[in-house]
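Trainee: I am new to this structure. Can we go through it step by step?

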Amino acid sequence: MQGQDVVVKGLGPLQGDLTVPGDKSISHRAVMFGSLAKGQTRIKNFLPGQDCLSTIACFRKMGIAISQPTATEVIVQGQGLQGLQEPGDVLDVGNSGTTMRLMTGILSGQPFFSVLTGDDSIRSRPMGRVTEPLKKMGATILGRQDSKKAPLAVAGTGRPLQAIDYSTPVASAQIKSAILLAGLYGDGITTVREPHRSRDHTERMLTAFGATIRQSTNPSVEGFFSSIESFPTLQGQDIEVPGDISSAAFLLVAASIVPQSQLRIRNVGVNPTRDGIIEVLQAMGSSIQQENERIVAGEPVADLIVKSASLQGTTIGGDLIPRLIDEIPILAVAALCAQGKTVIRDAAELRVKESDRIAVLAGELRKMGATIEEHPDGMTICGFQRLQGATVESKGDHRIAMALAIAALVAEGSTTIQDAGAVDVSFPGFFSTLKLLQQ
Ligand code: S3P
């Protein structure tokens, strides 16, 4: 579907009872940690999106046997921490920042040479934020622009890396995870400190595989940190991946803003480091209830029931940002339908995601008649806007494509989304799901 144009228009209320595809962050980690563990890891409800398929392809190139009996079921025959083999060719991460950054951490601890690259977007995204701390640990990494941009070449020695205590200026699970994964190959305890808590799937899942990890319990005194002990024995696990809250978010907003809608989205991951979208939508007036709350494979999961409601503008910033960083494109659409202004600040990270999401969102939503003011670290969105159908571009960014599709549901006339195939990165079947819910 890559490059394809899709036409979207509102066909009426969204009604239904559904699940969304598996969580992208958790699917990546299950393949990576399963490859580094001893024995078999069985993954259910794996996300068969392009990004996670890139992770599988990379580990296969390093000699790991990975089978996929069905699209959402993956079996990894792990070879242990020291079981990866030198890849015979460049490792291509496609569009996936998580694959790129976490693998740079893993590869830093290997006794072999490897090269990582990806698509145009990946090769323009900042990698110095991981190569700098990894070099401090003794890793040899070369890359474009003084190893700040991919392709990156990692010349591993197999000697233990130096354990470090590192404070990252950006709250990022990708940076934190890259360092913790390198810390598996360290000569002691590696600690990562961050200004706000980022998603903690790495800590939860690596602990389940047998690693010893400590996280701050009293952040107001100790700040946010995660520490890992080196060279644990990781044991293969059975993992059931929860539905991706970042994919559910598009439907939570769609059902909130399209009148007379009601959806039950089952089996959604509601990890407290990821559930900022629910908190903010509820503060804006959305009707969202959580039922059937439970823990699955160490992750909190619930069914979400959402009904249409009238929304109010809000202010988003600070600690909340890492808890909803991927949901800001769709929150911008919710804000367009809310009464009053919505102000988003402290979100400069949006400029270095799959696209510059501040510039692209403002530019594309303006084509539909929106009034949005850009800030270096966010935007101000005027609410209660009449949107008109238009021809808009995803710029190859999956979350922009989906946010524009939801905006199209409340616009007059039809909207053509160019390069809509980008949705396959995280939500294969997004457009058919949307259509089904409107029938
Ligand atoms: C991810 C972390 C987030 C998020 C990305 C997935 C992960 O990035 O935006 O989609 O799987 O660790 P940062 O933590 O770098 O902000």
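Trainee: At what angle do helix α15 and helix α16 pack?
Mentor: This is a predicted model. Helix α15 covers residues 398-409 and helix α16 covers residues 430-437. Their axes lie 11 Å apart. The packing angle is about 20°.

Trainee: Is α15 roughly parallel or roughly antiparallel to α16?
Mentor: The angle is about 20°. Angles under 35 degrees count as roughly parallel. Therefore α15 and α16 are roughly parallel.

Trainee: Which residue class makes up the contact of α15 with α16?
Mentor: From α15 come Met402, Ala405, Ile406 and Leu409. From α16 come Phe430, Phe431 and Leu434. No polar and no charged residues take part; the seven residues are nonpolar.

Trainee: What is the class make-up where α2 meets α3?
Mentor: Helix α2 (residues 50-61) and helix α3 (residues 97-108) pack at about 25°. Asp51, Thr55, Cys58 and Phe59 in α2 meet Thr99, Met103 and Ile106 in α3. By class, that contact has four nonpolar, two polar and one charged residues.

Trainee: Is the crossing of α2 and α3 left-handed or right-handed?
Mentor: Their axes are 11 Å apart, and the two helices are roughly parallel. The way α2 passes α3 is right-handed.

Trainee: Does aspartate 377 count as buried or exposed?
Mentor: Aspartate 377 sits in the loop between β20 (372-375) and β21 (378-382). Its relative accessibility is 18%. Buried means under 20%, so aspartate 377 counts as buried.

Trainee: Which side chain joins that of aspartate 377 in a polar contact of 3.0 Å?
Mentor: Leaving aside neighbours within four places in sequence, aspartate 377 touches residues including Ile344, Asp346 and Ile358. The polar contact of 3.0 Å is with the side chain of arginine 345.

How values were computed
Residues are numbered from 1 along each chain as its sequence is written. This is a predicted model: local features need pLDDT of at least 70, side-chain atom pairs count only at pLDDT 80 or more; totals for chains, interfaces and linings use all residues. Side-chain values use heavy atoms; hydrogens and water are left out. Helices (H or I, at least four residues) and strands (E, at least two) are DSSP runs, numbered from the N terminus. Buried means under 20% relative accessible area, exposed over 50%, partly exposed in between (1.4 Å probe, protein chains only). A polar contact is a pair of N or O atoms within 3.5 Å; within protein, one must be able to donate a hydrogen and the other to accept it, and residues adjacent in sequence count only if both atoms are side-chain atoms. Contact means heavy atoms within 4.5 Å. Axes are lines fitted to C-alpha atoms, for helices over the stretch in contact, and angles run from 0 to 180 degrees between N-to-C directions. Angles under 35 degrees count as roughly parallel, over 145 as roughly antiparallel, 65 to 115 as roughly perpendicular and the rest as oblique. A crossing is left-handed if the near helix is turned anticlockwise from the far one by less than a right angle, and right-handed if clockwise. Ala, Val, Leu, Ile, Met, Phe, Trp, Tyr, Cys and Pro count as nonpolar, Asp, Glu, Lys and Arg as charged, and the others, Gly among them, as polar.
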